[in-house]
Amino acid sequence: MVDTYNGVLRRLMTFVHGLEDVYEKDHLFSQEELAALTPNDIKRWMCVKAYGTAEPGVDDNPTLCRSTSLEFWKKAISFFMPNRLMSWNVLSNVGNPTKSIEINDLIKAVKKTEVRKQGKASTPRHLDELEGDGGGNGGGNGVSNGGDPK
């Protein structure tokens, strides 16, 4: 899981630093680089991922990703933050920027568009399983190891 989290962080930092190529897998970010991240940096990156632009308008809809993706990315970025347990303090600009009002409001806005059917459509991962036997229970015996009750 840490490799997946690291991939999210590398893509965020590539965006923040304005680079063309994503940082290498083995790149380690300093505590100073991570502490320099602000909620605005993360929000702009998430907006690009969801809306296709860093500054979406009032009438724009998030058609590129869903709120669950934003929530996962928030969790992945938070994993690496120097003050990950501390909420973001707006007055002193310290703490975990993923725990800011800006980020939480963005995720709420994306959820709201999903409920209104204006955001990216849901794509269930197990749709083929559900269509296969009508119930999605893998054959009906309730045992996931092929029927062998070991």
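Q: How many helices and how many strands does the secondary structure of the protein come to?
A: This is a predicted model in which local features need pLDDT of at least 70, side-chain atom pairs count only at pLDDT 80 or more, and totals for chains, interfaces and linings use all residues. Residues are numbered from 1 along each chain as its sequence is written, and side-chain values use heavy atoms, with hydrogens and water left out. Helices (H or I, at least four residues) and strands (E, at least two) are DSSP runs numbered from the N terminus. Along the sequence the pattern reads α-α-α-α-α-α, and the totals are six helices and zero strands.

Q: What share of the 150 residues counts as buried?
A: Buried means under 20% relative accessible area, exposed over 50%, and partly exposed in between (1.4 Å probe, protein chains only). Of the 150 residues of the protein, the buried share is 30%.

Q: How do H1 and H3 lie to each other, roughly parallel or roughly perpendicular?
A: Axes are lines fitted to C-alpha atoms, for helices over the stretch in contact, and angles run from 0 to 180 degrees between N-to-C directions. Helix H1 (residues 2-16) and helix H3 (residues 39-51) pack at about 100°, with axes 10 Å apart. Angles under 35 degrees count as roughly parallel, over 145 as roughly antiparallel, 65 to 115 as roughly perpendicular and the rest as oblique. The angle between H1 and H3 therefore makes them roughly perpendicular.

Q: Which residues of H3 make the contact with H1?
A: Contact means heavy atoms within 4.5 Å. H1 contributes Val 8, Arg 11, Leu 12, Phe 15 and Val 16. On the H3 side the residues are Asp 41, Ile 42, Arg 44, Trp 45 and Val 48.

Q: Which helices do the buried residues of H1 pack against?
A: The buried residues of H1 are Tyr 5, Asn 6, Gly 7, Val 8, Leu 9, Arg 10, Leu 12, Met 13 and Thr 14. They pack against helix H2 (31-35), H3 and H4.

Q: Which helices are included in what covers the buried residues of H3?
A: In H3, Pro 39, Ile 42, Trp 45, Met 46, Cys 47, Ala 50 and Tyr 51 are buried. Their cover includes H1, helix H4 (67-80) and helix H5 (101-115).

Q: Which residues does Lys 74 contact, leaving aside its neighbours within four places in sequence?
A: Lys 74 is found in helix H4. Its C-alpha atom is separated by 9.6 Å from that of Ile 107, 33 residues apart along the chain. With the neighbours set aside, the contacts of Lys 74 are Met 46, Thr 98, Ile 103, Asn 104 and Ile 107.

Q: What is the phi of Asn 93?
A: Asn 93 is found in the loop between H4 and H5. Most residues other than glycine have a negative phi. Asn 93 has a positive phi, near 55°.
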